[in-house]
Amino acid sequence: MFDFKKNSKKLKSENKTETSSLSVQLKQTRASLFGMLFSKKTPIDDTIINELEDRFLLADVGIKTTDLIIRLLTATIKKKSDVLCFNEQIKQALLPLLKSVEQNFTIPKNISKPYLVLVVGVNGVGKTTTVGKLTKYIKSENKSVLLAAADTFRAAATEQLNIWGERNNVKVISQINGSDPGAVIYDALQSARANNIDVLIVDTAGRLHNKKNLMDEIKKINRISDKFDITIKKEILLVLDAGTGQNAVTQTKQFKESIGVDGIILTKLDGTAKGGIVFRLADELNIPIKFIGIGEKIDDLQKFKATEFIDALLENNS
Ligand SMILES: Nc1nc2c(ncn2[C@@H]2O[C@H](COP(=O)(O)OP(=O)(O)O)[C@@H](O)[C@H]2O)c(=O)[nH]1
Ligand SMILES: [Mg+2]
(Lines give C-alpha, C1' and ligand atoms only; values in the text may rest on other atoms or scores of the structure.)
(Ligands and ions follow the chains in the order given, each with its own letter.)
Protein backbone atom coordinates (compact mmCIF):
# COMPACT_ATOMS: atom_id res chain seq x y z
CA MET A 1 0.00 0.00 0.00
CA PHE A 2 1.34 3.42 -0.88
CA ASP A 3 2.21 5.44 2.19
CA PHE A 4 1.28 9.00 1.32
CA LYS A 5 2.70 10.59 4.47
CA LYS A 6 6.02 8.82 4.20
CA ASN A 7 6.45 9.58 0.53
CA SER A 8 5.00 13.03 0.30
CA LYS A 9 8.21 14.95 0.77
CA LYS A 10 8.77 17.28 -2.10
CA LEU A 11 10.76 15.66 -4.85
CA LYS A 12 13.04 17.88 -6.80
CA SER A 13 11.85 18.43 -10.30
CA GLU A 14 14.25 17.85 -13.12
CA ASN A 15 14.78 19.78 -16.31
CA LYS A 16 12.26 19.26 -19.04
CA THR A 17 13.47 17.84 -22.29
CA GLU A 18 12.22 18.29 -25.81
CA THR A 19 9.37 15.99 -26.76
CA SER A 20 10.90 12.67 -25.76
CA SER A 21 10.46 9.44 -27.67
CA LEU A 22 8.80 8.05 -24.57
CA SER A 23 6.26 10.82 -24.72
CA VAL A 24 5.50 9.93 -28.34
CA GLN A 25 5.10 6.26 -27.44
CA LEU A 26 2.81 7.12 -24.54
CA LYS A 27 0.68 9.48 -26.59
CA GLN A 28 -2.59 7.59 -26.19
CA THR A 29 -2.25 7.34 -22.43
CA ARG A 30 -1.07 10.95 -22.31
CA ALA A 31 -4.16 12.04 -24.26
CA SER A 32 -6.57 10.01 -22.17
CA LEU A 33 -5.24 11.20 -18.81
CA PHE A 34 -4.09 14.77 -19.35
CA GLY A 35 -4.68 15.77 -22.98
CA MET A 36 -6.34 19.09 -23.89
CA LEU A 37 -7.32 19.78 -20.33
CA PHE A 38 -5.28 22.71 -19.17
CA SER A 39 -3.57 25.83 -20.18
CA LYS A 40 -0.05 25.83 -18.78
CA LYS A 41 -0.64 28.52 -16.18
CA THR A 42 -3.85 27.12 -14.80
CA PRO A 43 -3.66 26.21 -11.13
CA ILE A 44 -5.38 23.01 -10.16
CA ASP A 45 -8.93 23.74 -9.06
CA ASP A 46 -12.01 21.64 -8.32
CA THR A 47 -13.23 21.57 -11.90
CA ILE A 48 -9.98 20.19 -13.14
CA ILE A 49 -9.76 17.72 -10.29
CA ASN A 50 -13.24 16.41 -11.05
CA GLU A 51 -12.35 16.06 -14.71
CA LEU A 52 -9.17 14.23 -13.80
CA GLU A 53 -11.10 11.90 -11.52
CA ASP A 54 -13.37 10.92 -14.42
CA ARG A 55 -10.42 10.39 -16.71
CA PHE A 56 -8.52 8.18 -14.30
CA LEU A 57 -11.62 6.08 -13.67
CA LEU A 58 -12.23 5.71 -17.40
CA ALA A 59 -8.63 4.66 -17.87
CA ASP A 60 -9.12 1.67 -15.54
CA VAL A 61 -7.07 3.14 -12.75
CA GLY A 62 -9.72 1.92 -10.32
CA ILE A 63 -11.71 3.70 -7.62
CA LYS A 64 -9.24 3.20 -4.81
CA THR A 65 -6.18 4.48 -6.65
CA THR A 66 -8.14 7.29 -8.26
CA ASP A 67 -9.25 8.36 -4.78
CA LEU A 68 -5.65 8.37 -3.67
CA ILE A 69 -4.61 10.45 -6.69
CA ILE A 70 -7.35 12.96 -6.01
CA ARG A 71 -6.22 13.24 -2.38
CA LEU A 72 -2.64 13.75 -3.49
CA LEU A 73 -3.67 16.49 -5.91
CA THR A 74 -5.89 18.21 -3.36
CA ALA A 75 -3.09 18.15 -0.81
CA THR A 76 -0.76 19.72 -3.35
CA ILE A 77 -3.14 22.60 -3.93
CA LYS A 78 -3.46 23.26 -0.22
CA LYS A 79 0.27 23.36 0.19
CA LYS A 80 0.81 25.84 -2.64
CA SER A 81 0.26 29.50 -2.11
CA ASP A 82 1.92 30.45 -5.36
CA VAL A 83 0.58 29.46 -8.72
CA LEU A 84 2.80 26.80 -10.16
CA CYS A 85 2.11 25.63 -13.66
CA PHE A 86 -0.12 22.63 -13.87
CA ASN A 87 2.58 20.22 -14.94
CA GLU A 88 4.68 21.01 -11.93
CA GLN A 89 1.82 20.64 -9.47
CA ILE A 90 0.68 17.34 -10.81
CA LYS A 91 4.22 16.07 -11.02
CA GLN A 92 4.87 16.91 -7.39
CA ALA A 93 1.66 15.20 -6.39
CA LEU A 94 2.10 11.97 -8.32
CA LEU A 95 5.82 11.42 -8.54
CA PRO A 96 6.24 9.88 -5.05
CA LEU A 97 3.68 7.20 -5.91
CA LEU A 98 5.61 6.13 -9.02
CA LYS A 99 8.97 6.52 -7.28
CA SER A 100 7.83 3.95 -4.74
CA VAL A 101 7.98 1.21 -7.41
CA GLU A 102 11.03 2.37 -9.36
CA GLN A 103 13.80 -0.19 -9.03
CA ASN A 104 16.69 -1.13 -11.29
CA PHE A 105 17.22 -4.62 -12.57
CA THR A 106 20.55 -5.58 -11.03
CA ILE A 107 22.54 -8.75 -11.25
CA PRO A 108 23.87 -9.54 -7.77
CA LYS A 109 27.65 -9.65 -7.43
CA ASN A 110 29.71 -12.62 -6.22
CA ILE A 111 27.07 -15.26 -6.82
CA SER A 112 27.43 -18.72 -8.26
CA LYS A 113 26.65 -18.35 -11.94
CA PRO A 114 24.27 -18.24 -13.64
CA TYR A 115 21.83 -15.69 -12.25
CA LEU A 116 18.49 -17.24 -13.14
CA VAL A 117 15.78 -14.97 -14.54
CA LEU A 118 12.36 -16.53 -15.00
CA VAL A 119 10.10 -14.57 -17.31
CA VAL A 120 6.49 -15.42 -16.54
CA GLY A 121 3.03 -14.18 -17.49
CA VAL A 122 -0.09 -15.24 -19.34
CA ASN A 123 -0.18 -15.95 -23.04
CA GLY A 124 0.37 -13.09 -25.45
CA VAL A 125 1.52 -10.42 -22.99
CA GLY A 126 4.93 -10.17 -24.65
CA LYS A 127 7.17 -12.58 -22.72
CA THR A 128 9.23 -13.90 -25.62
CA THR A 129 9.64 -10.46 -27.16
CA THR A 130 10.68 -9.09 -23.76
CA VAL A 131 13.22 -11.89 -23.32
CA GLY A 132 14.74 -10.80 -26.64
CA LYS A 133 14.91 -7.15 -25.60
CA LEU A 134 16.18 -7.98 -22.12
CA THR A 135 18.97 -10.08 -23.61
CA LYS A 136 20.22 -7.07 -25.53
CA TYR A 137 20.02 -4.91 -22.41
CA ILE A 138 21.98 -7.39 -20.27
CA LYS A 139 24.61 -7.87 -22.97
CA SER A 140 25.03 -4.12 -23.14
CA GLU A 141 25.98 -4.30 -19.46
CA ASN A 142 28.83 -6.61 -20.48
CA LYS A 143 27.24 -9.76 -19.08
CA SER A 144 26.90 -13.01 -21.00
CA VAL A 145 23.45 -14.48 -21.55
CA LEU A 146 21.99 -17.90 -22.34
CA LEU A 147 18.33 -18.43 -23.21
CA ALA A 148 16.12 -21.40 -22.35
CA ALA A 149 12.98 -22.16 -24.34
CA ALA A 150 10.75 -23.54 -21.61
CA ASP A 151 7.56 -22.88 -23.55
CA THR A 152 7.65 -26.35 -25.06
CA PHE A 153 3.94 -26.45 -25.80
CA ARG A 154 4.10 -24.70 -29.13
CA ALA A 155 6.80 -25.36 -31.71
CA ALA A 156 6.42 -21.77 -32.87
CA ALA A 157 7.41 -20.53 -29.41
CA THR A 158 10.86 -22.12 -29.63
CA GLU A 159 11.24 -20.86 -33.18
CA GLN A 160 10.39 -17.32 -32.04
CA LEU A 161 12.95 -17.48 -29.23
CA ASN A 162 15.58 -18.84 -31.63
CA ILE A 163 15.12 -15.74 -33.79
CA TRP A 164 15.72 -13.50 -30.76
CA GLY A 165 18.76 -15.62 -29.92
CA GLU A 166 20.17 -15.05 -33.42
CA ARG A 167 19.50 -11.33 -33.27
CA ASN A 168 21.42 -11.13 -30.03
CA ASN A 169 24.03 -13.65 -30.99
CA VAL A 170 23.33 -15.79 -27.92
CA LYS A 171 22.67 -19.51 -27.66
CA VAL A 172 19.18 -20.89 -27.04
CA ILE A 173 18.72 -24.20 -25.24
CA SER A 174 15.63 -26.05 -26.39
CA GLN A 175 14.27 -29.55 -26.79
CA ILE A 176 11.72 -31.10 -29.06
CA ASN A 177 8.19 -29.82 -28.93
CA GLY A 178 6.18 -31.20 -26.03
CA SER A 179 9.17 -32.17 -23.89
CA ASP A 180 9.35 -31.44 -20.19
CA PRO A 181 10.15 -27.75 -19.52
CA GLY A 182 11.97 -28.89 -16.38
CA ALA A 183 14.41 -30.89 -18.49
CA VAL A 184 15.07 -27.83 -20.66
CA ILE A 185 15.89 -25.78 -17.59
CA TYR A 186 18.20 -28.43 -16.19
CA ASP A 187 20.04 -28.65 -19.51
CA ALA A 188 20.29 -24.89 -19.69
CA LEU A 189 21.61 -24.59 -16.13
CA GLN A 190 24.30 -27.16 -16.88
CA SER A 191 25.26 -25.44 -20.10
CA ALA A 192 25.33 -22.01 -18.44
CA ARG A 193 27.52 -23.28 -15.63
CA ALA A 194 29.90 -25.11 -17.99
CA ASN A 195 30.31 -21.97 -20.09
CA ASN A 196 30.56 -19.52 -17.20
CA ILE A 197 27.46 -17.64 -18.40
CA ASP A 198 26.36 -14.74 -16.19
CA VAL A 199 22.60 -14.77 -16.76
CA LEU A 200 20.22 -17.54 -17.83
CA ILE A 201 16.87 -16.18 -19.00
CA VAL A 202 14.00 -18.64 -19.13
CA ASP A 203 11.08 -18.00 -21.45
CA THR A 204 8.11 -19.84 -19.95
CA ALA A 205 4.73 -20.92 -21.30
CA GLY A 206 1.73 -18.77 -20.60
CA ARG A 207 -1.08 -21.05 -21.56
CA LEU A 208 -1.64 -24.36 -19.88
CA HIS A 209 -5.08 -25.87 -19.61
CA ASN A 210 -5.78 -24.03 -16.40
CA LYS A 211 -4.21 -21.56 -14.00
CA LYS A 212 -3.23 -24.21 -11.48
CA ASN A 213 -1.32 -26.05 -14.17
CA LEU A 214 0.52 -22.91 -15.18
CA MET A 215 1.53 -22.12 -11.62
CA ASP A 216 2.51 -25.75 -10.93
CA GLU A 217 4.75 -25.72 -13.96
CA ILE A 218 6.55 -22.62 -12.78
CA LYS A 219 6.87 -24.01 -9.26
CA LYS A 220 8.45 -27.09 -10.79
CA ILE A 221 10.99 -24.94 -12.63
CA ASN A 222 11.82 -23.42 -9.25
CA ARG A 223 12.35 -26.86 -7.73
CA ILE A 224 14.58 -27.96 -10.58
CA SER A 225 16.87 -25.00 -10.13
CA ASP A 226 17.07 -25.77 -6.40
CA LYS A 227 17.94 -29.35 -7.24
CA PHE A 228 20.67 -28.20 -9.61
CA ASP A 229 22.18 -25.86 -7.04
CA ILE A 230 20.34 -24.57 -4.00
CA THR A 231 22.56 -21.48 -3.93
CA ILE A 232 21.43 -20.30 -7.38
CA LYS A 233 20.04 -16.78 -7.11
CA LYS A 234 16.92 -16.17 -9.11
CA GLU A 235 14.49 -13.50 -10.01
CA ILE A 236 10.93 -13.86 -11.24
CA LEU A 237 9.89 -11.16 -13.66
CA LEU A 238 6.18 -10.91 -14.45
CA VAL A 239 5.29 -9.55 -17.87
CA LEU A 240 2.01 -7.64 -18.05
CA ASP A 241 0.25 -6.15 -21.06
CA ALA A 242 -0.65 -2.56 -20.14
CA GLY A 243 -3.59 -2.69 -22.56
CA THR A 244 -5.39 -5.28 -20.44
CA GLY A 245 -6.14 -2.67 -17.78
CA GLN A 246 -7.44 -4.14 -14.56
CA ASN A 247 -6.75 -7.70 -15.72
CA ALA A 248 -3.11 -6.88 -15.23
CA VAL A 249 -3.83 -6.31 -11.54
CA THR A 250 -5.66 -9.64 -11.24
CA GLN A 251 -2.84 -11.49 -12.99
CA THR A 252 -0.27 -9.92 -10.71
CA LYS A 253 -2.17 -10.99 -7.60
CA GLN A 254 -2.40 -14.56 -8.86
CA PHE A 255 1.27 -14.85 -9.74
CA LYS A 256 2.33 -13.11 -6.55
CA GLU A 257 0.31 -15.49 -4.38
CA SER A 258 1.41 -18.69 -6.04
CA ILE A 259 5.02 -18.16 -7.04
CA GLY A 260 6.09 -14.72 -5.84
CA VAL A 261 7.05 -11.87 -8.15
CA ASP A 262 10.26 -9.86 -7.84
CA GLY A 263 9.56 -7.36 -10.57
CA ILE A 264 7.13 -6.33 -13.26
CA ILE A 265 7.78 -5.56 -16.90
CA LEU A 266 4.86 -3.62 -18.31
CA THR A 267 4.62 -4.04 -22.09
CA LYS A 268 2.71 -2.50 -24.98
CA LEU A 269 2.50 0.95 -23.43
CA ASP A 270 2.90 2.26 -26.97
CA GLY A 271 -0.40 0.89 -28.21
CA THR A 272 -2.79 1.68 -25.41
CA ALA A 273 -4.63 4.49 -23.67
CA LYS A 274 -4.58 2.44 -20.47
CA GLY A 275 -1.05 3.21 -19.32
CA GLY A 276 -2.58 4.79 -16.22
CA ILE A 277 -2.56 1.24 -14.87
CA VAL A 278 0.97 2.06 -13.69
CA PHE A 279 -0.52 4.20 -10.91
CA ARG A 280 -2.79 1.39 -9.82
CA LEU A 281 -0.04 -1.21 -9.84
CA ALA A 282 2.13 1.12 -7.76
CA ASP A 283 -0.63 1.82 -5.25
CA GLU A 284 -2.25 -1.61 -4.88
CA LEU A 285 0.62 -4.03 -5.29
CA ASN A 286 3.82 -2.21 -4.56
CA ILE A 287 5.94 -4.58 -6.65
CA PRO A 288 8.93 -2.96 -8.38
CA ILE A 289 8.34 -2.07 -12.01
CA LYS A 290 11.73 -2.74 -13.58
CA PHE A 291 11.14 -2.14 -17.27
CA ILE A 292 8.52 -0.91 -19.69
CA GLY A 293 7.94 -2.15 -23.23
CA ILE A 294 7.19 0.54 -25.77
CA GLY A 295 7.27 -1.32 -29.07
CA GLU A 296 8.06 -4.58 -30.80
CA LYS A 297 11.69 -3.90 -31.64
CA ILE A 298 14.80 -4.97 -29.78
CA ASP A 299 15.49 -1.48 -28.39
CA ASP A 300 11.91 -0.85 -27.28
CA LEU A 301 12.58 -1.69 -23.65
CA GLN A 302 13.35 1.01 -21.13
CA LYS A 303 14.09 1.04 -17.44
CA PHE A 304 11.06 2.32 -15.59
CA LYS A 305 12.05 5.77 -14.42
CA ALA A 306 9.30 7.54 -12.47
CA THR A 307 10.42 11.06 -13.38
CA GLU A 308 10.78 10.33 -17.08
CA PHE A 309 7.46 8.54 -17.11
CA ILE A 310 5.50 11.34 -15.52
CA ASP A 311 7.32 13.98 -17.59
CA ALA A 312 6.40 12.05 -20.73
CA LEU A 313 2.75 11.90 -19.68
CA LEU A 314 2.66 15.61 -18.94
CA GLU A 315 4.46 16.83 -22.05
CA ASN A 316 2.49 19.03 -24.44
CA ASN A 317 -0.80 18.46 -22.70
CA SER A 318 -2.19 21.92 -22.84
N1 LIG B 1 3.34 -2.68 -29.55
C2 LIG B 1 3.98 -3.57 -28.79
N3 LIG B 1 3.87 -4.87 -29.05
C4 LIG B 1 4.53 -5.75 -28.25
C5 LIG B 1 5.31 -5.32 -27.15
N6 LIG B 1 5.81 -6.45 -26.56
C7 LIG B 1 5.37 -7.51 -27.28
N8 LIG B 1 4.58 -7.11 -28.31
C9 LIG B 1 3.88 -7.93 -29.30
O10 LIG B 1 2.93 -8.75 -28.64
C11 LIG B 1 2.76 -9.98 -29.33
C12 LIG B 1 2.91 -11.15 -28.38
O13 LIG B 1 4.25 -11.17 -27.93
P14 LIG B 1 4.98 -12.51 -27.43
O15 LIG B 1 6.34 -12.10 -27.03
O16 LIG B 1 4.86 -13.60 -28.45
O17 LIG B 1 4.09 -12.88 -26.15
P18 LIG B 1 4.14 -14.16 -25.21
O19 LIG B 1 3.04 -15.07 -25.65
O20 LIG B 1 3.88 -13.65 -23.83
O21 LIG B 1 5.49 -14.78 -25.35
C22 LIG B 1 3.78 -9.98 -30.46
O23 LIG B 1 3.15 -9.59 -31.65
C24 LIG B 1 4.78 -8.91 -30.02
O25 LIG B 1 5.45 -8.30 -31.11
C26 LIG B 1 5.39 -3.92 -26.87
O27 LIG B 1 6.02 -3.44 -25.92
N28 LIG B 1 4.71 -3.09 -27.73
MG1 LIG C 1 6.10 -16.69 -25.86
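Which residues does I264 touch, not counting residues up to four places away in sequence?

1. I264 touches L238, L240, T252, L281, I287, P288, I289 and K290, with residues up to four places away in sequence left out. Contact here requires C-beta atoms, placed from the backbone, within 7 Å.

2. This is a predicted model: local features need pLDDT of at least 70, side-chain atom pairs count only at pLDDT 80 or more, and totals for chains, interfaces and linings use all residues. Residues are numbered from 1 along each chain as its sequence is written, while chains are lettered from A and ligands numbered from 1 in the order in which they are written.

3. I264 sits in strand β6 (residues 263-267). Helices (H or I, at least four residues) and strands (E, at least two) are DSSP runs, numbered from the N terminus. I264 counts as buried because it has 28 C-beta neighbours inside 10 Å. The cut-offs are 20 or more other C-beta atoms within 10 Å for buried, 12 or fewer for exposed, and partly exposed in between, with C-beta atoms placed from the backbone.

4. F291 is 27 residues from I264 in sequence. Their C-alpha atoms are 7.1 Å apart.

5. Now helix α9 (residues 181-194). Its buried residues are P181, V184, I185, A188, L189 and A192. They lie on the same side of α9, because they cover an arc of only 135 degrees around the axis. That arc is taken from the directions from the helix axis to the C-beta atoms.

6. The buried residues of α9 pack against β2 (145-149), β3 (172-173), β4 (199-203) and α10 (211-228). Exposed Q190 and A194 are on the face turned away from the buried side of α9.

7. N196 follows α9 and has a positive phi, near 55 degrees.

Notes: Contact = placed C-beta atoms within 7 Å.
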